[in-house]
Amino acid sequence: MKLRNVAIIAHVDHGKTTLVDRLLQQSGAFRENQRVAERAMDSNELERERGITILAKATSLLWQDTRINIVDTPGHADFGGEVERILNMVDGALVLVDAAEGPMPQTKFVVSKALKVGLKPIVVINKVDRSDARPSAVVNEVFDLFAALDATEEQLDFPILYGSSKEGWMAGKPGGPKESMAPLFDLVIRHVAPPVVEEGSFRMLGTILEANPYLGRIVTGRITSGSVKPNQSVKVLDRKGRLIEEGRVSKVLAFRGLERQAIEESSAGDIVAIAGLPNATVSHTICAPEVAMPLPAQPMDPPTLSMTFRINDSPLAGTEGEKVQSRVIRERLAREVEGNVALKITESGEKDSFEVAGRGELQLAILIETMRREGFELSVSRPKVLFERDEATGELSEPIEEVTIDVDEEFSGIVVQKLSERRAELVEMRPSGGHRLRLVFHAPTRGLIGYQGELLSDTRGTAVFNRVFHAYAPHKGEIPGRRTGVLISTSDGDAVAYALWNLEDRGPMMIEPGTRVYQGMIVGEHTRGNDLEVNVLKGKKLTNIRAAGKDDAVLLTPPIRMTLEKALAFIDDDELVEVTPKSIRLRKSLLDPHARKKEERKREAERV
Ligand SMILES: Nc1nc2c(ncn2[C@@H]2O[C@H](COP(=O)(O)OP(=O)(O)OP(=O)(O)O)[C@@H](O)[C@H]2O)c(=O)[nH]1
Ligand SMILES: [Mg+2]
């Protein structure tokens with residue numbers, strides 16, 4: 001059978017997963033009466049809720065007499081490391097570009113990877129149905145992008161399709177015909193080369209990892225040579241050729257639409273998933289016992305950010321979740337590493353705490369959110385950026401990101417000011433249409449923690465923020481942290497409306513009347529720079545009965561809602577986020593005010 005392997009790559013939200021929906025539908029991969037959700041490939045709960053793809057996934061469909069394996073990739077920069085590996089597994093790439101937004105930072109990142117591995121991409125200008133679509137200008141921008149990335153003549157000569165994944169059509173011109181996806185299928189079959197297969201025994205490079213509750217570890221990859229059957233003996237080699245394990249394949253799974261089918265045999269060129277090897281992972285070669293050399297594999301990107309996960313030891317610990325002991329947390333984290341190659345977990349020096357390192361704030365927040373839904377309680381520290389130290393010179397360097405911000409002209413001043421305070425350099429500023437400016441910065445990752453929320457409030461929610469890893473550069477020096485202090489509860493109990501009302505001029509509150517609080521818990525933001533201990537339990541002295549009744553009538557400003565991501569961005573080094581299935585609370589690491597004083601004095605003494 002004829003075969004094609006393609007990946008779909010793009011900036012976040014440019015429509016990759018929606019495109020896969022239409023391809024599956026129009027190729028007849030769904031049964032007549034099958035009910036299929038939108039963005040069907042985004043199958044896990046958090047993907048559905050957030051409307052983004054988190055994990056790359058493969059599928060396959062039949063178009064006439066050709067089987068097309070398609071890999072949908074995540075567009076968010078935190079998951080970008082995976083895209084490069086996936087491009088090594090396919091022979092073609094569909095580069096999707098939003099017809100209104102044009103090429104964005106992650107477009108640049110994924111295109112540069114595709115060009116580097118030698119693919120000849122097909123460019124798909126998607127969302128031409130948008131009222132603000134400007135397809136011809138966007139094609140020019142894509143061309144400039146390819147040229148700037150040193151594309152070869154052949155790569156620059158990319159074929160272009162225009163269309164709307166949402167409406168289900170692709171065509172050679174922006175105006176249509178608006179009929180079907182057939183032009184895209186035909187172009188893939190014409191333009192993408194059939195897979196190159198090599199001589200020799202069975203070899204496959206692990207490319208996507210997942211943990212399956214029934215089958216255990218499943219590794220997906222493209223078979224480079226030979227063939228594989230269930231029960232076959234194989235071994236696993238790492239990148240350097242060291243033997244990881246010897247074992248048997250328990251199942252060979254082929255992708256069929258949204259489902260997977262156990263098959264009897266698969267051979268070179270095809271993309272399949274293999275179960276039965278408990279230690280095999282991404283960048284390992286799974287091969288026949290006689291194979292001596294591993295397939296070339298790209299090293300894993302190192303993590304850039306880490307957080308400390310601790311047991312929850314607040315006075316409210318264990319009241320809202322049942323998974324609280326460090327043993328269950330350790331087991332859960334170990335299981336996570338099974339299916340998530342971008343995470344690294346180490347037991348930290350402190351008792352009952354773990355260092356969890358990953359590729360970005362979103363990735364770590366998603367892990368915490370998942371655990372909280374499973375019934376875990378945790379306390380989590382502020383994210384720390386991981387530095388690199390040059391072994392020869394001892395010089396410290398830190399990750400720098402390219403940040404692109406589209407903003408209304410009137411807000412550009414505040415954006416530039418805030419980012420320069422965070423040690424970012426403005427590298428480009430140009431009009432992007434409709435009284436908006438596109439600002440491009442090189443900013444240390446360190447300075448970007450928590451910035452996105454601030455940006456949205458500075459620009460009344462109108463700015464569009466994008467970031468992508470740029471390079472490691474010498475440490476930029478100290479970056480001032482949060483400028484406000486916090487309001488800290490002096491005692492345990494339930495907050496009272498009257499007390500909250502009395503504290504309103506101190507700063508915005510994070511709790512509402514009736515919220516259970518404890519000593520050392522953060523209940524609000526203090527507009528001054530210092531922390532302030534406050535009593536939120538104090539009701540009004542009851543001088544007469546009429547006044548007592550008035551408490552209900554106190555008109556409170558609604559509190560700031562702290563989501564997990566907001567809370568992680570907000571806290572300082574001496575604070576923690578307490579996460580339970582029901583609540584997100586902020587607290588001082590040291591709950592006792594005397595202990596905090598002592599610690600502060602100690603730190604001051606060290607500074608002198
Ligand atoms: N107007 C319009 N909207 C579209 C089109 N294609 C996708 N969208 C919308 O764009 C949003 C993002 O679509 P997705 O398919 O999830 O985008 P994605 O590229 O897979 O996003 P990530 O996986 O998170 O990178 C959704 O709200 C879609 O409905 C299109 O052709 N026209
Ligand atoms: Mg997607």
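Mentor: This is a predicted model, and its structure holds one cavity of 30 Å³ or more. About 40 Å³ of space lies in this largest cavity. Its lining is made up of V6, L23, I68, I70, L94, L184, F185 and V188. Two elements, β3 (66-72) and α7 (182-191), each give two or more residues to that lining. Of the elements, α7 gives the most, with three residues. By residue class, the lining of the largest cavity divides into eight nonpolar, no polar and no charged.

Now the helix pair. The axes of α10 (residues 412-421) and α12 (residues 451-458) come within 10 Å and cross at roughly 155°. Because angles over 145 degrees count as roughly antiparallel, α10 is roughly antiparallel to α12. The crossing of α10 past α12 is right-handed. On the α10 side, the residues in the contact are I414, V415, K418 and L419, and they meet Y451, E454, L455 and D458 of α12. The residues of this contact divide into five nonpolar, no polar and three charged, whereas the lining of the largest cavity has no charged residues.

Terms used
Residues are numbered from 1 along each chain as its sequence is written. Chains are lettered from A and ligands numbered from 1 in the order in which they are written. This is a predicted model: local features need pLDDT of at least 70, side-chain atom pairs count only at pLDDT 80 or more; totals for chains, interfaces and linings use all residues. Side-chain values use heavy atoms; hydrogens and water are left out. Axes are lines fitted to C-alpha atoms, for helices over the stretch in contact, and angles run from 0 to 180 degrees between N-to-C directions. Helices (H or I, at least four residues) and strands (E, at least two) are DSSP runs, numbered from the N terminus. Angles under 35 degrees count as roughly parallel, over 145 as roughly antiparallel, 65 to 115 as roughly perpendicular and the rest as oblique. A crossing is left-handed if the near helix is turned anticlockwise from the far one by less than a right angle, and right-handed if clockwise. Contact means heavy atoms within 4.5 Å. Ala, Val, Leu, Ile, Met, Phe, Trp, Tyr, Cys and Pro count as nonpolar, Asp, Glu, Lys and Arg as charged, and the others, Gly among them, as polar. On a 1 Å grid over the protein atoms alone, a cavity is a set of points where a 1.4 Å probe fits but cannot get out, and a pocket is an open set with protein on both sides within 12 Å along at least five of seven lines; lining residues have an atom within 4 Å of a point. Grid points are joined across faces, edges and corners, and a volume is the space filled by probe spheres set on the points.
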